[in-house]
Amino acid sequence: MPLREPIADFGSAVARELSFDPRLARRLRAEVEDHLQEALADSADPHDETRLAEAMCAFGDPRTFARQFLAAALLSLARRTAAVTALAVVGMFGAMEARAVWYGWVNWPASDRVLAANAIGHPVDRFAFALAAALALSALAYVMTHRVPARFQATFGWKIGFCIKLNAAVALALMSAMATELVVTGVRLFEAELDARALVPFVSLTLELAVAGGSMSYILIMMNRCSRALRLAA
Amino acid sequence: MEGEMLKGHLDMIVLAALVGGPAHGYGIIQEIKRRSGGALDLPEGTIYPALHRLEKAGNLASHWTKTESGRKRRVYKMTRRGERALSDHRALWQRFADAIGGLFGEKARAPARTHS
């Protein structure tokens, strides 16, 4: 294939600038490379370096070209983060409720120690969870009501950054609720005989742990991507 | 053609280029150039962001295909929503063109009336 190297270099440069969104980076790299190959194939001489240089020039500097996708990519990133966080809240709520329903269903006895742990743990747990749900809803409403601006502006970047931080606050609140649940359920399981009945609290707690940890990891990745994206705007 | 004159019409131009059927980015640029008689030679740096924007808005859909040489190629096609958007824009453009045409016609006649 003629002039494959400069085309690949240009595609890599575009992909590098968009590394905060790997899917978009892969897609644009393939599109740009196909475009340049096609431009060359369309010219009389497939080794025409001038034609290739002209085609590259029409794309502009890779950084400037990539910057035109920044606003849409950032909003998409914030929307995905808010959606994942909202799902995490729903998942944790489901696991918590399943456990509560199960205790009633099997008439799980509550000792004085369990009742004492509940008396302290439940208000903390409920508050942390309610806070997480309220923040997650706010973050979701915030990103769903925002549109992609025609041109990227610093204020838009700041708003997206704020939204991602809001999701991080949700994850922290979920982790707090999770930690409280771990203690309260731990006391209950410690005092009970470990039979088949313990499976539901154990599985639901594991599920909560996975959801809280997973959402926190996801948000940290998104925070990192967001800061990389904002560097492109600078 | 002046770049300023194209502002606000780029999306319509891209949609109009896809009336004939699905095409990839390079093909769309060539189609715009061909159908405008070479007057609209849009740079790649503006077409691809427009394609992505139109797709996000639901006016275009795209999918990967393979070229004969095995290269990956993204092909765009207009959606029903895109057809409606183009139709609306075309009607708007026609009204605008008629209004400007009328205005220019009046201007052309005005000096003649002044001197007569």
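The expected span of a helix is 1.5 Å times one less than its number of residues. In this predicted model, helix H5 of chain A covers residues 70-105, which is 36 residues. From the first C-alpha to the last, H5(A) reaches 52 Å, close to the 52 Å expected at 1.5 Å a residue.

After H5(A) comes A:Asn107, which has a positive phi, near 50°.

## Two domains in chain A

Chain A is split into domain 1, residues 4-67, and domain 2, residues 70-233. The centres of these two domains of chain A, taken over C-alpha atoms, are 41 Å apart.

The two domains of chain A do touch: 7 residues of domain 1 are in contact with 9 residues of domain 2. On the domain 1 side of this contact in chain A there are 3 nonpolar, 1 polar and 3 charged residues.

## The make-up of chain B

Chain B contains 5 helices and 3 strands. Along the sequence of chain B, these elements follow the pattern α-α-β-α-α-β-β-α.

Chain B has 116 residues, and 23% of them are buried. Among the contacts in chain B with a separation of 6 or more, 43% are between residues 24 or more positions apart.

## Helix H2 against helix H4 in chain B

Helix H2 of chain B spans residues 10-17, and helix H4 of chain B spans residues 44-56. Their axes come within 10 Å and cross at roughly 80°. Angles of 65 to 115 degrees count as roughly perpendicular, so H2(B) is roughly perpendicular to H4(B).

From H2(B), the contact uses B:Leu10, B:Asp11, B:Val14 and B:Leu15. From H4(B), the contact uses B:Thr46, B:Ile47, B:Ala50, B:Leu51 and B:Leu54. By class, the residues of this contact between H2(B) and H4(B) are 7 nonpolar, 1 polar and 1 charged.

## Helix H2 against helix H3 in chain B

H2(B) also packs with helix H3 of chain B, residues 25-35. The angle between H2(B) and H3(B) is about 95°, and their axes are 9 Å apart. Because of this angle, H2(B) is roughly perpendicular to H3(B).

Here H2(B) contributes B:Ile13, B:Val14 and B:Ala17. H3(B) contributes B:Ile28, B:Glu31, B:Ile32 and B:Arg35. The residues of the contact of H2(B) with H3(B) comprise 5 nonpolar, no polar and 2 charged. B:Val14 takes part in the contact with H4(B) and in the contact with H3(B).

Definitions and conventions: Residues are numbered from 1 along each chain as its sequence is written. Chains are lettered from A and ligands numbered from 1 in the order in which they are written. This is a predicted model: local features need pLDDT of at least 70, side-chain atom pairs count only at pLDDT 80 or more; totals for chains, interfaces and linings use all residues. Helices (H or I, at least four residues) and strands (E, at least two) are DSSP runs, numbered from the N terminus. A residue is buried if 20 or more other C-beta atoms lie within 10 Å of its own, exposed if 12 or fewer, and partly exposed in between; C-beta atoms are placed from the backbone. Domain bounds come from an automatic or database domain assignment. Ala, Val, Leu, Ile, Met, Phe, Trp, Tyr, Cys and Pro count as nonpolar, Asp, Glu, Lys and Arg as charged, and the others, Gly among them, as polar. Axes are lines fitted to C-alpha atoms, for helices over the stretch in contact, and angles run from 0 to 180 degrees between N-to-C directions. Angles under 35 degrees count as roughly parallel, over 145 as roughly antiparallel, 65 to 115 as roughly perpendicular and the rest as oblique.
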